[in-house]
Amino acid sequence: EEERYKQTSLAEINQELSKSIGFSFDGQKEQSWSFEPGKEEKIRYEIKGESGTEAFSFNLKDVDPEQVATTVTRRAITLSLGIKDREKFIKTFEDDTPKNFVSKVSLYPLDIENVKHVHKLIMMGLAFLDEGDTAESN
């Protein structure tokens, strides 16, 4: 079980997130999480649904750990990531057309187990960034 949390770099955490983020609970959304090689804090999160593709581009360093929250209802499971001081630092796209900036992005995990896993990985990534990437500077 704890083998899943032995990542030693932000790139490894992001790779695990990429593998762990996929279809939503309702099966209506297909999601992807990617990052820039060498700039692992730069995230692109995409949601493909019936109405097209929505994308969100943001820096993981801007996410406030206090604003990472899981919501579970009968119809949906949501993991939201909020930006520090509610700044609008998340760039949004609709079918590759740039739209506005927002202060929060929602992920739609597959199930309770998946939301716990993704939540833990994101918190690990934020803690890793908070340490000032000391592990990478050696």
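Modeller: A starting definition: strands are DSSP runs of E with at least two residues, helices are runs of H or I with at least four, and both are numbered from the N terminus. The model is predicted.

Colleague: Is phenylalanine 89 buried, partly exposed or exposed?

Modeller: Relative accessible area decides it: under 20% is buried, over 50% is exposed, and partly exposed lies in between. Phenylalanine 89 has 42% relative accessibility, so it counts as partly exposed.

Colleague: What is phenylalanine 89 in contact with, leaving aside its neighbours within four places in sequence?

Modeller: Its contacts beyond those neighbours are Ser57, Phe58, Asp62, Ile83, Phe101 and Val102. Distance in sequence and distance in space are read separately. Asparagine 59 is 30 residues from phenylalanine 89 in sequence, and the two C-alpha atoms are 8.0 Å apart.

Colleague: How do I read a phi value?

Modeller: Most residues other than glycine have a negative phi. Aspartate 85 has a phi near 55°, a positive value. Aspartate 96 also has a positive phi, of about 70°, and is not a glycine.

Colleague: Where are aspartate 85 and aspartate 96?

Modeller: Aspartate 85 sits in the loop between strand 5 and strand 6 (90–94). Aspartate 96 belongs to the loop between strand 6 and strand 7 (97–102). The relative accessible area of aspartate 85 is 69%, so this residue is exposed. Aspartate 96, at 61%, counts as exposed too.

Colleague: Next, the helices. At what angle do helix 1 and helix 2 pack?

Modeller: Helix 1 covers residues 10–20 and helix 2 covers residues 112–130; their packing angle is about 160°, and their axes are 10 Å apart. An angle over 145 degrees counts as roughly antiparallel. The two helices are therefore roughly antiparallel to each other. The crossing of helix 1 past helix 2 is left-handed.

Colleague: Which residues of helix 1 and helix 2 meet?

Modeller: From helix 1 they are Leu10, Ile13, Glu16, Leu17 and Ser20; those in helix 2 include Leu121, Met124 and Phe128. Sorted by class, this contact has 9 nonpolar, 4 polar and 1 charged residues.

Colleague: What span should helix 2 have?

Modeller: Take 1.5 Å a residue; the 19 residues of helix 2 should then span 27 Å. The C-alpha atoms at its ends are 27 Å apart, which agrees.

Colleague: Turn to the segment before helix 1. Is tyrosine 5 buried or exposed?

Modeller: The segment before helix 1 holds tyrosine 5. Its relative accessibility is 15%, so it counts as buried. Neighbours within four places set aside, tyrosine 5 is in contact with His117, Lys120, Leu121 and Met124. As for distance, aspartate 111 is 106 residues from tyrosine 5 in sequence, and 19 Å from it, C-alpha to C-alpha.

Colleague: And is glutamine 7 buried or exposed?

Modeller: Glutamine 7, in the segment before helix 1, has a relative accessible area of 17% and is therefore buried. With neighbours within four places set aside, its contacts are Glu12, Ile13, Glu16, Leu121 and Met124. Glutamine 31 is 24 residues along the chain from glutamine 7, and 22 Å separates their C-alpha atoms.

Conventions. Residues are numbered from 1 along each chain as its sequence is written. This is a predicted model: local features need pLDDT of at least 70, side-chain atom pairs count only at pLDDT 80 or more; totals for chains, interfaces and linings use all residues. Side-chain values use heavy atoms; hydrogens and water are left out. Axes are lines fitted to C-alpha atoms, for helices over the stretch in contact, and angles run from 0 to 180 degrees between N-to-C directions. Angles under 35 degrees count as roughly parallel, over 145 as roughly antiparallel, 65 to 115 as roughly perpendicular and the rest as oblique. A crossing is left-handed if the near helix is turned anticlockwise from the far one by less than a right angle, and right-handed if clockwise. Contact means heavy atoms within 4.5 Å. Ala, Val, Leu, Ile, Met, Phe, Trp, Tyr, Cys and Pro count as nonpolar, Asp, Glu, Lys and Arg as charged, and the others, Gly among them, as polar. The expected span of a helix is 1.5 Å times one less than its number of residues. Buried means under 20% relative accessible area, exposed over 50%, partly exposed in between (1.4 Å probe, protein chains only).
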